[in-house]
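Look at the structure first, then read on.

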Amino acid sequence: MQANKHGVAVVVLAAGKGTRLKSQLPKVLHPLMRLPLLEHVLRTVESSGISLGQRCVVVGHQANVVSDFLLTRSGEVWNPVLQEPQCGTGHALQEVAKAVTLGECVLLLSGDVPLLRVETLAKLKQAFDEQRTENNVAMLVVGATVENPKGYGRLLQSFDGQLQAIVEEKDATEEQRAISLVNAGIYALHWPTIAPWLSQLSNNNAQNEVYVTDLVAIARQHHQTVGVFTLKDDSEMLGVNSRADLAECHRLLNERTTRHWMAQGVTFVDPATTWISPEVLHIGSDTILEPNCQLLGPVSIGDNCKIGANTQLVGVVSIGNHTSVLASVIQDSTIGNRCSIGPFAHIRNQTVVADDVRLGNFVEVKNSSIGANTNAAHLSYLGDSDIGSHVNMGAGSIIANYDPIRKTKHRTTIEDHVKVGCNSVLVAPVAVGKNACVAAGSVITEGVAPDALAIARPRQTTLAGWVSKTLSSLLIK
Ligand code: UD1
Ligand code: MG
(Lines give C-alpha, C1' and ligand atoms only; values in the text may rest on other atoms or scores of the structure.)
(Ligands and ions follow the chains in the order given, each with its own letter.)
Protein backbone atom coordinates (compact mmCIF):
# COMPACT_ATOMS: atom_id res chain seq x y z
CA MET A 1 0.00 0.00 0.00
CA GLN A 2 1.61 3.27 -1.15
CA ALA A 3 1.12 6.56 0.76
CA ASN A 4 -1.39 8.56 -1.21
CA LYS A 5 -1.12 12.35 -1.24
CA HIS A 6 -4.89 12.68 -1.01
CA GLY A 7 -5.29 9.72 1.33
CA VAL A 8 -6.29 9.71 4.96
CA ALA A 9 -3.55 10.75 7.37
CA VAL A 10 -3.11 8.59 10.45
CA VAL A 11 -1.46 9.79 13.64
CA VAL A 12 -0.78 7.30 16.43
CA LEU A 13 0.07 8.72 19.86
CA ALA A 14 2.86 6.71 21.45
CA ALA A 15 5.06 9.19 23.31
CA GLY A 16 3.72 8.77 26.84
CA LYS A 17 5.73 7.15 29.60
CA GLY A 18 3.13 4.72 30.82
CA THR A 19 3.96 5.55 34.45
CA ARG A 20 1.24 3.26 35.79
CA LEU A 21 2.89 0.15 34.25
CA LYS A 22 6.04 0.71 36.38
CA SER A 23 8.26 -0.65 33.59
CA GLN A 24 11.62 -0.08 31.88
CA LEU A 25 9.95 -0.87 28.56
CA PRO A 26 7.96 1.88 26.82
CA LYS A 27 4.25 1.19 27.33
CA VAL A 28 3.40 0.84 23.63
CA LEU A 29 6.03 -1.90 23.23
CA HIS A 30 4.58 -4.16 25.92
CA PRO A 31 3.65 -7.45 24.24
CA LEU A 32 0.06 -8.52 23.82
CA MET A 33 0.00 -12.11 22.47
CA ARG A 34 3.63 -11.75 21.34
CA LEU A 35 3.11 -8.48 19.40
CA PRO A 36 3.74 -5.02 20.90
CA LEU A 37 0.60 -2.99 21.67
CA LEU A 38 1.62 -0.46 19.01
CA GLU A 39 2.00 -3.23 16.41
CA HIS A 40 -1.64 -4.21 16.95
CA VAL A 41 -2.71 -0.62 16.24
CA LEU A 42 -0.50 -0.25 13.15
CA ARG A 43 -1.71 -3.58 11.71
CA THR A 44 -5.32 -2.55 12.24
CA VAL A 45 -4.70 0.61 10.20
CA GLU A 46 -2.78 -1.26 7.50
CA SER A 47 -5.52 -3.90 7.08
CA SER A 48 -8.45 -1.45 7.12
CA GLY A 49 -8.55 -0.93 3.37
CA ILE A 50 -8.52 2.84 3.93
CA SER A 51 -6.50 4.67 1.30
CA LEU A 52 -3.71 6.07 3.45
CA GLY A 53 -1.77 9.29 3.19
CA GLN A 54 0.72 10.49 5.80
CA ARG A 55 1.36 7.90 8.53
CA CYS A 56 3.07 9.01 11.70
CA VAL A 57 3.69 7.82 15.20
CA VAL A 58 4.39 10.37 17.94
CA VAL A 59 7.39 9.21 19.96
CA GLY A 60 8.86 10.79 23.08
CA HIS A 61 9.52 8.64 26.13
CA GLN A 62 12.41 6.34 25.05
CA ALA A 63 11.90 7.76 21.58
CA ASN A 64 14.88 5.89 20.10
CA VAL A 65 13.54 2.51 21.27
CA VAL A 66 10.10 3.13 19.75
CA SER A 67 11.63 4.61 16.55
CA ASP A 68 13.91 1.56 16.20
CA PHE A 69 10.86 -0.65 16.52
CA LEU A 70 9.20 1.30 13.67
CA LEU A 71 12.29 0.87 11.51
CA THR A 72 12.69 -2.86 12.08
CA ARG A 73 9.06 -4.01 11.84
CA SER A 74 7.86 -5.35 8.53
CA GLY A 75 4.84 -3.67 6.98
CA GLU A 76 4.21 -0.08 5.98
CA VAL A 77 6.58 2.80 6.70
CA TRP A 78 5.52 4.94 9.67
CA ASN A 79 7.31 8.23 10.31
CA PRO A 80 8.27 8.98 13.88
CA VAL A 81 7.48 12.53 15.05
CA LEU A 82 9.37 13.54 18.18
CA GLN A 83 7.44 15.08 21.07
CA GLU A 84 9.93 16.35 23.64
CA PRO A 85 9.00 16.90 26.43
CA GLN A 86 5.68 15.08 26.62
CA CYS A 87 3.11 17.61 27.76
CA GLY A 88 -0.05 15.68 26.95
CA THR A 89 -2.06 14.30 24.05
CA GLY A 90 -2.98 17.76 22.70
CA HIS A 91 0.67 18.82 22.80
CA ALA A 92 1.51 15.64 20.84
CA LEU A 93 -0.87 16.73 18.09
CA GLN A 94 0.57 20.26 18.14
CA GLU A 95 4.02 18.77 17.50
CA VAL A 96 2.68 16.70 14.58
CA ALA A 97 1.09 19.82 13.07
CA LYS A 98 4.49 21.55 13.21
CA ALA A 99 6.41 18.61 11.73
CA VAL A 100 4.26 17.26 8.89
CA THR A 101 1.60 18.33 6.42
CA LEU A 102 -1.61 16.41 6.87
CA GLY A 103 -4.49 15.97 4.42
CA GLU A 104 -8.21 16.68 4.91
CA CYS A 105 -9.10 13.74 7.10
CA VAL A 106 -6.91 12.70 10.03
CA LEU A 107 -7.50 9.56 12.05
CA LEU A 108 -6.00 10.04 15.49
CA LEU A 109 -5.38 6.80 17.39
CA SER A 110 -3.76 5.85 20.67
CA GLY A 111 -0.87 3.40 20.70
CA ASP A 112 -2.22 1.95 23.94
CA VAL A 113 -5.69 1.02 22.62
CA PRO A 114 -4.92 -2.24 20.76
CA LEU A 115 -8.27 -4.02 20.43
CA LEU A 116 -9.98 -1.77 17.90
CA ARG A 117 -11.27 -3.96 15.08
CA VAL A 118 -10.24 -3.42 11.47
CA GLU A 119 -13.94 -3.22 10.44
CA THR A 120 -14.64 -0.62 13.13
CA LEU A 121 -11.87 1.66 11.89
CA ALA A 122 -13.17 1.37 8.32
CA LYS A 123 -16.69 2.19 9.58
CA LEU A 124 -15.39 5.20 11.51
CA LYS A 125 -13.89 6.63 8.33
CA GLN A 126 -17.12 5.96 6.46
CA ALA A 127 -19.23 7.57 9.22
CA PHE A 128 -16.94 10.59 9.21
CA ASP A 129 -17.39 11.06 5.44
CA GLU A 130 -21.18 10.72 5.77
CA GLN A 131 -21.45 13.11 8.72
CA ARG A 132 -19.12 15.56 7.06
CA THR A 133 -21.52 15.70 4.11
CA GLU A 134 -24.69 15.73 6.22
CA ASN A 135 -23.77 17.90 9.25
CA ASN A 136 -20.36 19.32 8.42
CA VAL A 137 -18.87 17.68 11.54
CA ALA A 138 -15.50 19.00 12.66
CA MET A 139 -14.63 15.75 14.38
CA LEU A 140 -15.97 12.36 15.42
CA VAL A 141 -15.07 10.99 18.84
CA VAL A 142 -15.16 7.22 19.32
CA GLY A 143 -16.94 6.37 22.56
CA ALA A 144 -18.73 3.57 24.35
CA THR A 145 -20.95 3.05 27.34
CA VAL A 146 -19.03 0.97 29.85
CA GLU A 147 -19.81 -0.68 33.15
CA ASN A 148 -16.74 0.75 34.83
CA PRO A 149 -15.82 4.19 33.41
CA LYS A 150 -12.94 4.71 35.86
CA GLY A 151 -9.87 6.29 34.26
CA TYR A 152 -11.55 7.34 31.00
CA GLY A 153 -12.57 10.80 29.85
CA ARG A 154 -16.36 11.25 30.15
CA LEU A 155 -18.40 12.47 27.17
CA LEU A 156 -20.66 15.37 28.16
CA GLN A 157 -23.73 15.67 25.95
CA SER A 158 -26.44 18.31 25.89
CA PHE A 159 -30.11 17.38 26.04
CA ASP A 160 -30.31 17.08 22.26
CA GLY A 161 -27.48 14.51 22.31
CA GLN A 162 -24.87 16.99 21.01
CA LEU A 163 -21.37 16.34 22.34
CA GLN A 164 -20.31 19.44 24.28
CA ALA A 165 -17.05 18.49 25.93
CA ILE A 166 -14.86 15.68 27.23
CA VAL A 167 -13.89 15.89 30.87
CA GLU A 168 -10.99 13.84 32.20
CA GLU A 169 -11.52 11.73 35.32
CA LYS A 170 -9.15 13.89 37.36
CA ASP A 171 -10.99 17.09 36.42
CA ALA A 172 -14.52 15.67 36.67
CA THR A 173 -17.11 16.48 39.31
CA GLU A 174 -18.78 13.62 41.21
CA GLU A 175 -21.79 14.04 38.96
CA GLN A 176 -19.69 13.86 35.80
CA ARG A 177 -17.84 10.78 37.06
CA ALA A 178 -21.17 8.98 37.19
CA ILE A 179 -21.43 9.25 33.38
CA SER A 180 -20.76 5.90 31.76
CA LEU A 181 -20.32 7.13 28.17
CA VAL A 182 -16.54 7.43 27.80
CA ASN A 183 -13.86 8.47 25.33
CA ALA A 184 -11.99 5.66 23.55
CA GLY A 185 -9.08 7.97 22.67
CA ILE A 186 -9.75 7.51 18.93
CA TYR A 187 -10.89 10.35 16.70
CA ALA A 188 -11.58 11.32 13.07
CA LEU A 189 -10.69 14.97 12.48
CA HIS A 190 -11.42 17.42 9.68
CA TRP A 191 -7.91 18.81 9.66
CA PRO A 192 -8.48 22.18 7.91
CA THR A 193 -11.10 22.96 10.61
CA ILE A 194 -9.23 21.55 13.61
CA ALA A 195 -5.62 22.60 12.92
CA PRO A 196 -6.15 26.35 13.56
CA TRP A 197 -7.63 25.52 17.00
CA LEU A 198 -4.58 23.66 18.26
CA SER A 199 -3.03 26.91 19.53
CA GLN A 200 -6.08 27.43 21.76
CA LEU A 201 -5.41 24.30 23.83
CA SER A 202 -4.05 24.98 27.29
CA ASN A 203 -2.73 22.97 30.22
CA ASN A 204 -5.08 24.58 32.69
CA ASN A 205 -6.27 21.33 34.30
CA ALA A 206 -5.61 18.91 37.14
CA GLN A 207 -2.70 17.19 35.34
CA ASN A 208 -1.15 20.39 33.85
CA GLU A 209 -1.21 18.62 30.51
CA VAL A 210 -2.39 19.82 27.12
CA TYR A 211 -5.41 17.61 26.44
CA VAL A 212 -6.46 16.72 22.89
CA THR A 213 -9.91 16.12 24.33
CA ASP A 214 -10.37 19.90 24.86
CA LEU A 215 -10.78 20.22 21.08
CA VAL A 216 -14.41 19.22 21.57
CA ALA A 217 -15.25 22.21 23.78
CA ILE A 218 -13.28 24.49 21.43
CA ALA A 219 -15.29 23.17 18.47
CA ARG A 220 -18.51 24.00 20.31
CA GLN A 221 -17.25 27.53 21.06
CA HIS A 222 -16.83 27.88 17.29
CA HIS A 223 -20.39 26.53 16.83
CA GLN A 224 -19.09 23.45 15.04
CA THR A 225 -20.61 20.02 15.39
CA VAL A 226 -18.83 17.09 17.01
CA GLY A 227 -20.28 13.62 16.56
CA VAL A 228 -19.93 10.49 18.66
CA PHE A 229 -19.15 7.20 16.96
CA THR A 230 -20.47 4.64 19.44
CA LEU A 231 -18.85 1.22 19.75
CA LYS A 232 -21.26 -1.68 20.14
CA ASP A 233 -18.54 -3.80 21.68
CA ASP A 234 -16.82 -1.82 24.43
CA SER A 235 -13.93 -4.33 24.58
CA GLU A 236 -12.56 -2.55 21.49
CA MET A 237 -11.70 0.53 23.50
CA LEU A 238 -9.81 -0.94 26.41
CA GLY A 239 -6.84 1.36 26.99
CA VAL A 240 -3.79 -0.25 28.56
CA ASN A 241 -2.55 1.90 31.43
CA SER A 242 -1.70 -0.75 34.03
CA ARG A 243 -0.60 -4.40 34.23
CA ALA A 244 -4.16 -5.28 35.18
CA ASP A 245 -5.40 -3.62 31.95
CA LEU A 246 -2.80 -5.62 30.00
CA ALA A 247 -4.01 -8.89 31.51
CA GLU A 248 -7.61 -7.93 30.77
CA CYS A 249 -6.61 -7.13 27.17
CA HIS A 250 -5.09 -10.60 26.82
CA ARG A 251 -8.28 -12.16 28.12
CA LEU A 252 -10.55 -10.14 25.82
CA LEU A 253 -8.39 -10.71 22.75
CA ASN A 254 -8.26 -14.45 23.46
CA GLU A 255 -12.01 -14.61 23.91
CA ARG A 256 -12.36 -12.95 20.51
CA THR A 257 -9.94 -15.29 18.70
CA THR A 258 -11.19 -18.54 20.29
CA ARG A 259 -14.80 -17.62 19.48
CA HIS A 260 -13.81 -16.99 15.89
CA TRP A 261 -12.18 -20.41 15.52
CA MET A 262 -14.97 -22.23 17.32
CA ALA A 263 -17.34 -20.78 14.70
CA GLN A 264 -15.07 -22.33 12.04
CA GLY A 265 -15.53 -25.82 13.50
CA VAL A 266 -12.59 -26.07 15.88
CA THR A 267 -13.02 -27.64 19.34
CA PHE A 268 -11.49 -25.91 22.35
CA VAL A 269 -11.80 -28.11 25.41
CA ASP A 270 -11.21 -25.02 27.57
CA PRO A 271 -11.08 -21.76 25.58
CA ALA A 272 -10.12 -19.74 28.64
CA THR A 273 -6.76 -21.50 29.01
CA THR A 274 -6.00 -21.98 25.29
CA TRP A 275 -4.21 -18.95 23.89
CA ILE A 276 -4.74 -18.11 20.24
CA SER A 277 -3.04 -15.03 18.87
CA PRO A 278 -4.82 -12.98 16.20
CA GLU A 279 -1.92 -13.82 13.87
CA VAL A 280 -3.06 -17.46 13.57
CA LEU A 281 -3.83 -18.10 9.89
CA HIS A 282 -5.82 -21.32 9.84
CA ILE A 283 -7.17 -24.09 12.06
CA GLY A 284 -8.98 -26.84 10.16
CA SER A 285 -12.32 -28.26 11.12
CA ASP A 286 -12.60 -31.02 13.72
CA THR A 287 -9.21 -30.15 15.10
CA ILE A 288 -9.20 -30.35 18.88
CA LEU A 289 -7.17 -28.05 21.10
CA GLU A 290 -6.73 -29.22 24.66
CA PRO A 291 -6.26 -26.91 27.67
CA ASN A 292 -3.11 -24.81 28.09
CA CYS A 293 -2.11 -24.79 24.42
CA GLN A 294 -0.63 -21.62 22.97
CA LEU A 295 -0.68 -20.73 19.27
CA LEU A 296 1.43 -17.61 19.00
CA GLY A 297 2.23 -16.44 15.48
CA PRO A 298 1.20 -17.12 11.90
CA VAL A 299 0.30 -20.73 12.64
CA SER A 300 -1.67 -23.00 10.26
CA ILE A 301 -3.13 -26.32 11.38
CA GLY A 302 -5.01 -28.72 9.11
CA ASP A 303 -8.19 -30.72 9.71
CA ASN A 304 -8.69 -33.42 12.32
CA CYS A 305 -5.55 -32.68 14.27
CA LYS A 306 -5.19 -33.07 18.01
CA ILE A 307 -3.10 -30.40 19.70
CA GLY A 308 -2.66 -31.88 23.14
CA ALA A 309 -2.44 -30.14 26.48
CA ASN A 310 0.56 -27.91 27.19
CA THR A 311 1.68 -27.55 23.58
CA GLN A 312 3.24 -24.33 22.30
CA LEU A 313 3.31 -23.50 18.58
CA VAL A 314 5.36 -20.34 18.12
CA GLY A 315 6.24 -18.30 15.03
CA VAL A 316 5.63 -19.53 11.48
CA VAL A 317 4.35 -23.05 12.07
CA SER A 318 2.43 -25.21 9.64
CA ILE A 319 0.86 -28.57 10.53
CA GLY A 320 -0.89 -30.90 8.05
CA ASN A 321 -4.06 -32.96 8.55
CA HIS A 322 -4.62 -35.78 11.07
CA THR A 323 -1.46 -34.94 13.01
CA SER A 324 -1.24 -35.14 16.77
CA VAL A 325 1.06 -33.02 18.91
CA LEU A 326 1.24 -33.70 22.61
CA ALA A 327 2.89 -31.53 25.27
CA SER A 328 5.51 -30.25 22.82
CA VAL A 329 7.07 -27.02 21.55
CA ILE A 330 7.24 -26.32 17.80
CA GLN A 331 8.87 -23.12 16.57
CA ASP A 332 9.12 -21.88 12.96
CA SER A 333 8.75 -25.36 11.46
CA THR A 334 6.54 -27.40 9.15
CA ILE A 335 4.99 -30.77 10.05
CA GLY A 336 3.25 -33.03 7.53
CA ASN A 337 0.10 -35.16 7.61
CA ARG A 338 -0.57 -38.03 10.03
CA CYS A 339 2.50 -37.30 12.15
CA SER A 340 2.79 -38.04 15.82
CA ILE A 341 4.78 -35.49 17.80
CA GLY A 342 5.64 -35.77 21.47
CA PRO A 343 5.12 -36.00 24.30
CA PHE A 344 7.90 -33.54 25.13
CA ALA A 345 9.37 -32.98 21.66
CA HIS A 346 11.01 -29.69 20.67
CA ILE A 347 11.08 -28.93 16.95
CA ARG A 348 12.62 -25.67 15.86
CA ASN A 349 14.46 -23.41 13.40
CA GLN A 350 12.97 -24.19 9.97
CA THR A 351 12.68 -27.93 10.44
CA VAL A 352 10.55 -29.59 7.76
CA VAL A 353 8.91 -32.88 8.66
CA ALA A 354 7.23 -34.96 5.89
CA ASP A 355 4.15 -37.19 6.30
CA ASP A 356 3.72 -40.14 8.70
CA VAL A 357 6.70 -39.24 10.86
CA ARG A 358 7.00 -40.02 14.55
CA LEU A 359 9.10 -37.71 16.75
CA GLY A 360 8.50 -38.86 20.25
CA ASN A 361 9.52 -38.53 23.84
CA PHE A 362 12.26 -35.99 24.54
CA VAL A 363 13.33 -35.58 20.91
CA GLU A 364 14.80 -32.25 19.80
CA VAL A 365 15.03 -31.45 16.09
CA LYS A 366 16.70 -28.31 14.82
CA ASN A 367 17.01 -26.96 11.27
CA SER A 368 16.56 -30.42 9.74
CA SER A 369 14.48 -32.11 7.09
CA ILE A 370 12.91 -35.44 8.01
CA GLY A 371 11.58 -37.74 5.28
CA ALA A 372 8.28 -39.60 5.26
CA ASN A 373 7.73 -42.58 7.58
CA THR A 374 10.86 -41.85 9.58
CA ASN A 375 10.94 -42.43 13.34
CA ALA A 376 12.92 -40.90 16.15
CA ALA A 377 10.86 -42.07 19.04
CA HIS A 378 12.97 -41.52 22.16
CA LEU A 379 15.64 -39.21 23.60
CA SER A 380 17.35 -37.89 20.43
CA TYR A 381 18.95 -34.68 19.24
CA LEU A 382 18.83 -34.20 15.46
CA GLY A 383 20.56 -30.93 14.58
CA ASP A 384 21.33 -29.53 11.08
CA SER A 385 20.53 -32.81 9.35
CA ASP A 386 18.87 -34.07 6.18
CA ILE A 387 17.27 -37.39 7.00
CA GLY A 388 15.56 -39.47 4.33
CA SER A 389 12.41 -41.54 4.45
CA HIS A 390 11.82 -44.82 6.35
CA VAL A 391 14.79 -44.09 8.61
CA ASN A 392 14.85 -45.35 12.16
CA MET A 393 16.83 -43.29 14.63
CA GLY A 394 17.25 -45.50 17.70
CA ALA A 395 16.66 -44.31 21.24
CA GLY A 396 19.34 -41.91 22.41
CA SER A 397 20.87 -41.34 18.95
CA ILE A 398 22.51 -37.95 18.63
CA ILE A 399 23.69 -35.87 15.71
CA ALA A 400 26.64 -33.87 17.03
CA ASN A 401 26.39 -30.81 14.77
CA TYR A 402 28.50 -28.33 16.74
CA ASP A 403 32.27 -28.02 16.61
CA PRO A 404 33.03 -26.09 19.79
CA ILE A 405 36.72 -25.59 18.88
CA ARG A 406 35.99 -23.76 15.61
CA LYS A 407 32.60 -22.61 16.84
CA THR A 408 30.90 -23.79 13.65
CA LYS A 409 28.06 -26.13 12.82
CA HIS A 410 28.04 -28.83 10.16
CA ARG A 411 25.31 -30.77 8.40
CA THR A 412 24.72 -34.50 8.41
CA THR A 413 23.00 -36.54 5.69
CA ILE A 414 21.20 -39.79 6.36
CA GLU A 415 19.70 -41.42 3.28
CA ASP A 416 16.50 -43.49 2.98
CA HIS A 417 15.98 -46.71 4.94
CA VAL A 418 18.98 -46.20 7.22
CA LYS A 419 18.86 -47.74 10.69
CA VAL A 420 20.81 -45.96 13.40
CA GLY A 421 21.24 -48.06 16.54
CA CYS A 422 20.51 -46.82 20.03
CA ASN A 423 22.93 -44.46 21.72
CA SER A 424 24.91 -43.72 18.55
CA VAL A 425 26.61 -40.40 17.91
CA LEU A 426 27.01 -39.13 14.35
CA VAL A 427 29.74 -36.50 14.40
CA ALA A 428 29.03 -33.92 11.69
CA PRO A 429 29.82 -33.46 8.90
CA VAL A 430 29.07 -37.06 8.01
CA ALA A 431 26.94 -38.94 5.48
CA VAL A 432 25.25 -42.32 5.86
CA GLY A 433 24.26 -43.97 2.56
CA LYS A 434 20.97 -45.62 1.63
CA ASN A 435 20.00 -48.81 3.47
CA ALA A 436 23.09 -48.62 5.70
CA CYS A 437 23.06 -49.63 9.37
CA VAL A 438 24.90 -48.09 12.29
CA ALA A 439 25.45 -50.44 15.20
CA ALA A 440 24.17 -49.38 18.61
CA GLY A 441 26.61 -47.38 20.69
CA SER A 442 28.74 -46.30 17.69
CA VAL A 443 30.52 -42.99 17.34
CA ILE A 444 30.50 -42.33 13.58
CA THR A 445 33.12 -39.88 12.35
CA GLU A 446 33.55 -41.17 8.77
CA GLY A 447 30.97 -41.59 6.01
CA VAL A 448 29.11 -44.90 5.79
CA ALA A 449 28.61 -46.34 2.29
CA PRO A 450 25.14 -47.45 1.14
CA ASP A 451 24.21 -50.91 2.32
CA ALA A 452 27.15 -51.10 4.79
CA LEU A 453 27.10 -51.83 8.50
CA ALA A 454 29.25 -49.43 10.52
CA ILE A 455 30.38 -50.53 13.95
CA ALA A 456 32.40 -47.93 15.80
CA ARG A 457 32.74 -49.18 19.34
CA PRO A 458 35.14 -51.59 21.11
CA ARG A 459 34.30 -55.26 20.67
CA GLN A 460 32.70 -56.90 23.63
CA THR A 461 35.09 -59.04 25.68
CA THR A 462 33.57 -61.92 27.61
CA LEU A 463 35.80 -63.69 30.14
CA ALA A 464 34.32 -67.10 30.84
CA GLY A 465 34.26 -68.11 34.53
CA TRP A 466 35.79 -64.82 35.62
CA VAL A 467 33.38 -64.24 38.46
CA SER A 468 33.96 -67.52 40.28
CA LYS A 469 37.73 -67.57 39.59
CA THR A 470 38.60 -64.03 40.57
CA LEU A 471 35.93 -62.75 42.81
CA SER A 472 34.58 -65.75 44.64
CA SER A 473 37.28 -65.58 47.30
CA LEU A 474 36.19 -62.02 48.06
CA LEU A 475 32.50 -62.67 48.11
CA ILE A 476 30.90 -62.95 51.48
CA LYS A 477 29.18 -66.25 51.57
C1 UD1 B 1 -6.69 9.37 27.20
C2 UD1 B 1 -7.79 10.43 27.04
C3 UD1 B 1 -9.07 9.95 27.74
C4 UD1 B 1 -9.48 8.62 27.12
C5 UD1 B 1 -8.33 7.59 27.20
C6 UD1 B 1 -8.69 6.36 26.37
C7 UD1 B 1 -6.65 12.59 26.99
C8 UD1 B 1 -6.34 13.83 27.74
N9 UD1 B 1 -7.36 11.69 27.65
O10 UD1 B 1 -6.42 9.23 28.59
O11 UD1 B 1 -10.11 10.88 27.56
O12 UD1 B 1 -10.62 8.11 27.80
O13 UD1 B 1 -7.12 8.13 26.62
O14 UD1 B 1 -7.71 5.39 26.49
O15 UD1 B 1 -6.30 12.48 25.84
N16 UD1 B 1 0.71 10.32 24.74
C17 UD1 B 1 1.60 11.03 23.95
N18 UD1 B 1 2.14 12.19 24.45
C19 UD1 B 1 1.83 12.65 25.68
C20 UD1 B 1 0.91 11.92 26.48
C21 UD1 B 1 0.37 10.76 25.97
O22 UD1 B 1 1.90 10.63 22.83
O23 UD1 B 1 2.37 13.71 26.05
C24 UD1 B 1 0.15 9.06 24.21
C25 UD1 B 1 0.37 7.86 25.12
O26 UD1 B 1 1.58 7.20 24.79
C27 UD1 B 1 -0.84 7.00 24.84
C28 UD1 B 1 -1.91 8.01 24.42
O29 UD1 B 1 -1.24 9.20 24.10
O30 UD1 B 1 -0.59 6.10 23.78
C31 UD1 B 1 -2.92 8.29 25.55
O32 UD1 B 1 -2.22 8.78 26.67
P33 UD1 B 1 -2.53 8.30 28.14
O34 UD1 B 1 -1.62 8.99 29.06
O35 UD1 B 1 -2.60 6.84 28.19
O36 UD1 B 1 -3.98 8.95 28.31
P37 UD1 B 1 -5.19 8.39 29.18
O38 UD1 B 1 -4.99 8.80 30.58
O39 UD1 B 1 -5.37 6.95 28.92
MG1 MG C 1 -4.21 5.50 28.06
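In this predicted model, α3 (89-99) and β10 (181-190) each supply at least two residues of the shell around ligand 1. β10 gives the most, with 3 residues. Helices (H or I, at least four residues) and strands (E, at least two) are DSSP runs numbered from the N terminus.

The shell holds 26 residues, and the closest are Gln 83, Gly 88, Thr 89, Glu 168 and Asn 183; a residue is near the ligand if one of its heavy atoms lies within 4 Å of it. By class, 10 of the shell residues are nonpolar, 12 polar and 4 charged, where Asp, Glu, Lys and Arg count as charged and Gly is among the polar ones.

Polar contacts are pairs of N or O atoms within 3.5 Å. A polar side-chain atom of Thr 89 is 2.8 Å from an oxygen atom of ligand 1. For Asp 112, a side-chain N or O atom lies 2.9 Å from a ligand oxygen, and a polar backbone atom of Gly 153 is 2.9 Å from an oxygen of the ligand. Taken alone, ligand 1 exposes 750 Å², of which the protein buries 91% (Shrake-Rupley method, 1.4 Å probe).

The chain as a whole has 9 helices and 43 strands. Its C-alpha trace spans about 110 × 45 × 45 Å along the principal axes.

Residues are numbered from 1 along each chain as its sequence is written, and chains are lettered from A and ligands numbered from 1 in the order written. Local features need pLDDT of at least 70, side-chain atom pairs count only at pLDDT 80 or more, totals for chains, interfaces and linings use all residues, and side-chain values use heavy atoms, with hydrogens and water left out.

Note on methods:
A polar contact is a pair of N or O atoms within 3.5 Å; within protein, one must be able to donate a hydrogen and the other to accept it, and residues adjacent in sequence count only if both atoms are side-chain atoms.
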